Amino acid sequence: TCTCSYQNQSSLALVHDPGADQWSFDSYPPPAQPTPVVRLGLNLGAPGNRMAEDGTFFIEVPSVGGPSPDVPVRWSGDGPRWFRRHSALFQGSMSWVGASGLQGAGTLTIRPFLQPADKPAEAVEAYLRNALTTTLDWPASTQGAFPAPQPYTVRLYFAEPDDRPPGERVFSVALQGQEVLSGFDIVAAAETPRSVVVKDFTDVPITDDFVITLTPAPGTQAPPLLCGLELLAGPHY
């Protein structure tokens, strides 16, 4: 209830910072029926959605920042243990993908179909409730399958978030049960921690579920790690 007889003055300066993280949420209308993914990124552990410079739309997994297109993702195994850093701490053109991720030995399963809007409300609520915990699961009503296997190009993103030397985090990666990386050491491949490593794999067959398996090497000190991935329809995107 106090009234002053003088002005309280302040100044404000706005400075452009191209390194600022830019996140959004995107409530797209769901399709009438399961619709296969043509081009999509999954940004594990991210705080929101983001569009890459090449036009790939990355959605957060799990969904924590707001509505996102419904592409079911499931995890089974150890953890996952999520991590998130600021992208300014990482090197590479896709540093914001490498700045977050999951750690754990197990299997990440993706149904690359946008889900229709006719899901029971309780199924959607159960999915969102699971997405906010340390596990990922999807409703029994998950739909979508190709009549025959379709080729996809898969792009995997890795970055070591901690100050680890080479040899401490070594693991293998299998896609659809086929080992594609053996004895993979992120720091050795990147030559430094917090630097993004990208691995492309073509002609990966998908009928309904796409499965990524992360297996630690014997005697390794840290669990496997994955930051994000892209699914691109076609054998050679």
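Start by selecting strands E6, E7 and E15, which form an open three-stranded sheet in the order E6-E7-E15 with antiparallel pairing. Strands here are DSSP runs labelled E, of at least two residues, numbered from the N terminus, as helices (H or I, at least four residues) are, and two strands pair if DSSP finds at least two bridges between them. Strand E6 (81-84) and strand E15 (225-226) are the edges; each has a single partner strand, so one side of each lacks a neighbour in the sheet.

Before going on, a word on what you are looking at. This is a predicted model, in which local features need pLDDT of at least 70 and side-chain atom pairs count only at pLDDT 80 or more, while totals for chains, interfaces and linings use all residues. Residues are numbered from 1 along each chain as its sequence is written, and side-chain values use heavy atoms, with hydrogens and water left out.

**Stop 1**

Leu-102 stands opposite Leu-226 in E15. Next, select Gln-103, which lies in strand E7 (residues 100-103). Is Gln-103 buried or exposed? Gln-103 counts as buried because its relative accessibility is 13%; buried means under 20% relative accessible area, exposed over 50%, and partly exposed in between (1.4 Å probe, protein chains only).

Now show the side chain of Arg-169: a polar contact of 2.9 Å joins it to the side chain of Gln-103. A polar contact is a pair of N or O atoms within 3.5 Å; within protein, one must be able to donate a hydrogen and the other to accept it, and residues adjacent in sequence count only if both atoms are side-chain atoms. Leaving aside neighbours within four places in sequence, Gln-103 is in contact (heavy atoms within 4.5 Å) with residues including Asp-78, Phe-83, Pro-223 and Leu-225.

**Stop 2: the five-stranded sheet**

Select E5, E8, E14, E11 and E12 in that order: they make an open sheet of five strands with antiparallel pairing. Strand E5 (73-77) and strand E12 (178-185) are the edge strands, each pairing on one side only. From one strand to the next, the twist averages 15°, with axes being lines fitted to C-alpha atoms (for helices, over the stretch in contact) and angles running from 0 to 180 degrees between N-to-C directions. Strand E11 (residues 170-175) pairs with E12 in the antiparallel sense over five bridges, and the bridge partner of Val-170 in E12 is Asp-185.

**Stop 3**

Move to E10, where seven of the nine residues are buried. Eight bridges join E10 to strand E13 (residues 197-206), and the two run antiparallel; Tyr-157 stands opposite Val-198 in E13. E10 also pairs with E16 in the antiparallel sense, over six bridges. There, the bridge partner of Thr-153 is Leu-232.

Which residues have the most contacts inside the largest nonpolar core? They are Leu-108, Leu-156, Phe-158, Phe-210, Ile-212 and Leu-229, in a core of 50 residues. Strand E10 (residues 150-158) gives the most to this core, with five residues. A nonpolar core is a set of buried Ala, Val, Leu, Ile, Met, Phe, Trp, Tyr and Cys residues joined through side-chain atoms within 4.5 Å. Center on Phe-158: beyond four places in sequence, its contacts include Phe-171, Val-173, Leu-181, Phe-184 and Ile-186.

**Stop 4**

Strand E2 (residues 39-44) is mostly covered, with five of its six residues buried. Five bridges join E2 to strand E16 (residues 228-233), running antiparallel, and Leu-42 stands opposite Leu-229 there. Four bridges join E2 to strand E4 (residues 57-61), running parallel; the partner of Asn-43 in E4 is Glu-60.

Then pick Asn-49, in the loop between E2 and strand E3 (50-51). Asn-49 is buried, with a relative accessible area of 0%. A polar atom of its side chain lies 2.9 Å from the backbone nitrogen of Glu-60. Among the contacts of Asn-49 beyond four places in sequence are Trp-23, Phe-25, Phe-58 and Pro-67.

**Last stop: confidence**

Color by pLDDT, the predictor's confidence in each residue, from 0 to 100. The chain's mean is 89, and 91% of its residues reach 70 or more. Over residues 129-134, pLDDT stays under 50. Where pLDDT is low, the predicted coordinates should not be read in detail.
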